[in-house]
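Please examine the sequence and the structure shown below before reading on.

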Amino acid sequence: MEKFKTIKAKSVEELKAQEQALHKEAMNLRFQQAQGALKNTARRRQIRREVARIKTAMAQATASKKENK
């Protein structure tokens with residue numbers, strides 16, 4: 001799990017790529033849970049929160065770009 005400082009320092013393209021990767025991982029974990037094979041159930045919560053951090057950083061980046069115009 002990354003801290004917000006490190007997430008905020010990344011570019012928007014990197015954040016989008018990381019968000020897509022996390023969504024794929026979340027989907028795989030949902031399938032594992034449905035099959036009863038999921039060992040680390042807390043990982044789903046971690047992914048959800050990390051996606052929220054990424055979306056917050058992307059929103060702040062786009063807001064700061066609009067203010068600079």
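## A buried glutamine

Gln-18 has a relative accessible area of 16%, so the residue counts as buried (buried means under 20% relative accessible area, exposed over 50% and partly exposed in between, with a 1.4 Å probe and protein chains only). The model is predicted: local features need pLDDT of at least 70 and side-chain atom pairs count only at pLDDT 80 or more, whereas totals for chains, interfaces and linings use all residues. Residues are numbered from 1 along each chain as its sequence is written, and side-chain values use heavy atoms, with hydrogens and water left out.

Gln-18 belongs to helix H2, which covers residues 12–35 (helices, H or I, of at least four residues and strands, E, of at least two are DSSP runs, numbered from the N terminus). When residues up to four places away in sequence are not counted, Gln-18 touches Glu-2, Lys-10, Glu-50 and Ile-54; contact means heavy atoms within 4.5 Å.

## A valine in the facing helix

Val-51 lies in helix H3. Its relative accessibility is 8%, and therefore Val-51 is also classed as buried. Apart from neighbours within four places in sequence, Val-51 is in contact with Glu-19, Leu-22 and His-23. Val-51 and Gln-18 are 33 residues apart along the chain, and their C-alpha atoms are separated by 8.6 Å.

## How the two helices pack

Two packed helices are described by the angle between their axes and the distance between the axes. H2 and H3 pack at an angle of about 160°, and their axes are 10 Å apart (axes are lines fitted to C-alpha atoms, for helices over the stretch in contact, and angles run from 0 to 180 degrees between N-to-C directions). H2 is therefore roughly antiparallel to H3 (angles over 145 degrees count as roughly antiparallel, under 35 as roughly parallel, 65 to 115 as roughly perpendicular and the rest as oblique).

The residues making this contact include Gln-18 and Leu-22 of H2, and Glu-50 and Val-51 of H3.

## The nonpolar core

The largest nonpolar core has eleven residues, among them Leu-15, Leu-22, Val-51 and Ile-54 (such a core is a set of buried Ala, Val, Leu, Ile, Met, Phe, Trp, Tyr and Cys residues joined through side-chain atoms within 4.5 Å). H2 and H3, the latter spanning 42–68, each supply at least two residues of this core, and the largest share, five residues, comes from H3. In soluble globular proteins, nonpolar side chains tend to be buried together.
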